Amino acid sequence: MAMTTARDYLPPVRPAVVLVLLVALAAPTGASALPRLHAEPDPARGGRIADDRGREVLLRGVNVNALGDYWQGTAAAPVLPFGAADADRIQALGWNAVRLIVSWSRIEPAPGRYDAAYLDRVARTVRRLRARGVYSLVDVHQDAWGKTLAARPGEACPPGSRPALGWDGAPGWATLAGGAARCYAGTRELGTAVRTAWAAFWADRPAADGTGIQTRYVRMLGHLARRFARADAVAGFDLMNEPGALSAGEQAALGRFYARAFAAVRGGERAGRGFRHLVLFEPGVLWSVVGAGPPPRFARDRDAVYAPHLYQGSFGTPARPRAASFAVARREARRFGGAPVLTGEWGGDPARAEPGSDELFLAHQALQDRYRISATLWTWKQSCGDPHDVLTRREGAASPTPPWSMFAMDCAAGANRIAGEHRALVRDLRHGIVRAAPGRLTRVGWRPGPGILSATGVARRGTGRLRAFVPARALRVRVRGFRALRRARVPGGTRISARASGGRWALRVSSR
């Protein structure tokens, strides 16, 4: 793999002001506390995520679906558990964020009744990740509306369509699809029952208790925000995964919904005597395919983060990711005051990391660095009973959702067993990263072949320490504009930290 992610660049400086170290590693150190995060919008240069120590933060990690409430269409459980060993492995990969999937159907199993035990499970997972220096982005997830829209037993579908699988998201009591056919043609989002359920949501039609289902969803978000109002390890809340807003009218309704949802989250944080977290908002579901189409503007505060899913090149005919898609995301974020961009999902078939492949994962991460956006890969583990896997085995190569996880699965004879990591994928994802940069980053890049991390930035004196991770043990470090350089052995590699002297700075870390 000889791909170059950024030029190996360090501004020329006098030897007296450059620290050069051949690192002899010390003993492991524990994870540091997680500072609170906020957004700093910038319509000219592009917004960024920053912490309360004056540092620009890049969140990089993976989606975890262990707490999602999915349709079960086979004997295999639809999700696999997430334990301490999973959190350890995520830490060892150098990641500092997990997009933690939660389900409305589990949070609110009956109208106005919230499941405290389920939210306690979410909180335990957040704490487990926090102990390893990993933030959680709490994502209220849905796919094709909800798990109750699977085809009824023996349901006959019109020619050209097929019985629908169930997916995840809304509870049955909020699924107002009537007698609409549980069938689809082409893609799951176009199923008749799915479209009927979404129409009811945008219209805020009442459920059996007389309260509109969108109103219930918004109140649920407020309850969720109140529960985690003081959690520093919760980086933010993703209001809704890939909302089913297809028509112009539904797009307009999406903007109105986001205004309500945003206000509900802030109200929940105030009620919980907490602080403002990031709020992630996504474009409609078609963005993942076409790569364009922001929601309309809506009332919000500065801590909003635009979160489209940069899957271009992953669906349909495989193609390397293009800079144009990242530029579109940045350009659309300007409509919202120059909000930061975080792609909550990206990825593809793990075979695209194998030798001789098109290097999808290296190319995508290089663009993440170039545009300095945060990103979480889809996905950590995928059970043999996950609807994505069921669909893949039902439709074979024609499936639009191949199994894109970190682990190969043995699904023979109902085994539902992890057969091992995708080694080539793991190799490509072992990426050097500046996790927290004093002041503002101006450039960052990782060259995987020689193992070189380089970055430049500018900072005021007194901002927090640089935090960088390199997936190697013995390093040569060159810095300018820093003092009190430190390094520590951490799971999976080395952590580099240093205090900015003020003004322009530069970093170059070589693992060879």
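At roughly what angle do the axes of helix α5 and α6 cross, and within what distance do they come? The axes of α5 (residues 213-227) and α6 come within 7 Å and cross at roughly 35°. This is a predicted model: local features need pLDDT of at least 70, side-chain atom pairs count only at pLDDT 80 or more, and totals for chains, interfaces and linings use all residues. Residues are numbered from 1 along each chain as its sequence is written, and side-chain values use heavy atoms, with hydrogens and water left out. Helices (H or I, at least four residues) and strands (E, at least two) are DSSP runs, numbered from the N terminus.

**The helix pair**

- Two packed helices are described by the angle between their axes and the distance between the axes.
- Axes here are lines fitted to C-alpha atoms, for helices over the stretch in contact, and angles run from 0 to 180 degrees between N-to-C directions.
- α5 passes α6 in a right-handed crossing. A crossing is right-handed if the near helix is turned clockwise from the far one by less than a right angle, and left-handed if anticlockwise.
- On the α5 side, the contact includes Tyr217, Val218 and Leu221. On the α6 side, it includes Phe257, Ala261 and Val265. Contact means heavy atoms within 4.5 Å.

**Strand β7**

- Seven of the seven residues of β7 are buried, so β7 is largely enclosed by the rest of the structure. Buried means under 20% relative accessible area, exposed over 50%, and partly exposed in between (1.4 Å probe, protein chains only).
- In a regular strand the side chains alternate between the two faces of the sheet.
- Both faces of β7 are covered. Tyr135, Leu137, Asp139 and His141 lie on one side. Ser136, Val138 and Val140 lie on the other.
- Strand β6 (residues 97-103) pairs with β7 in the parallel sense over seven bridges. Two strands pair if DSSP finds at least two bridges between them.
- Histidine 141 in β7 has serine 103 opposite.

**Strand β10 and its neighbours**

- Strand β10 (residues 234-238) is mostly covered, with five of its five residues buried.
- β7 (residues 135-141) and β10 pair in the parallel sense over four bridges.
- Valine 138 has phenylalanine 237 of β10 as its bridge partner. Serine 136 stands opposite valine 234 in β10.
- β10 also runs parallel to strand β11 (residues 278-281), joined by three bridges. Here glycine 236 stands opposite leucine 278 in β11.
- Helix α6 (residues 248-271) makes a right-handed β-α-β unit with β10 and β11. A crossover is right-handed if, with the strands pointing away from the viewer, the path from the first strand over the helix to the second runs clockwise.

**Disulfides**

- A disulfide is a pair of cysteine sulfur atoms within 2.5 Å. By this rule the count comes to two disulfides.
- Cysteine 157 is joined to cysteine 183, with S to S at 2.1 Å. The pair links distant parts of the chain, 26 residues apart: cysteine 157 is in the loop between β7 and β8, and cysteine 183 is in strand β9.
- The S-S torsion of cysteine 157 and cysteine 183 is about -85°, so this disulfide is left-handed.
- Cysteine 157 is partly exposed at 22% relative accessibility, whereas cysteine 183 is buried at 5%.
- Cysteine 384 is joined to cysteine 411, with S to S at 2.0 Å. These two cysteines are 27 residues apart.
- Cysteine 384 is buried at 4% relative accessibility, whereas cysteine 411 is partly exposed at 26%.
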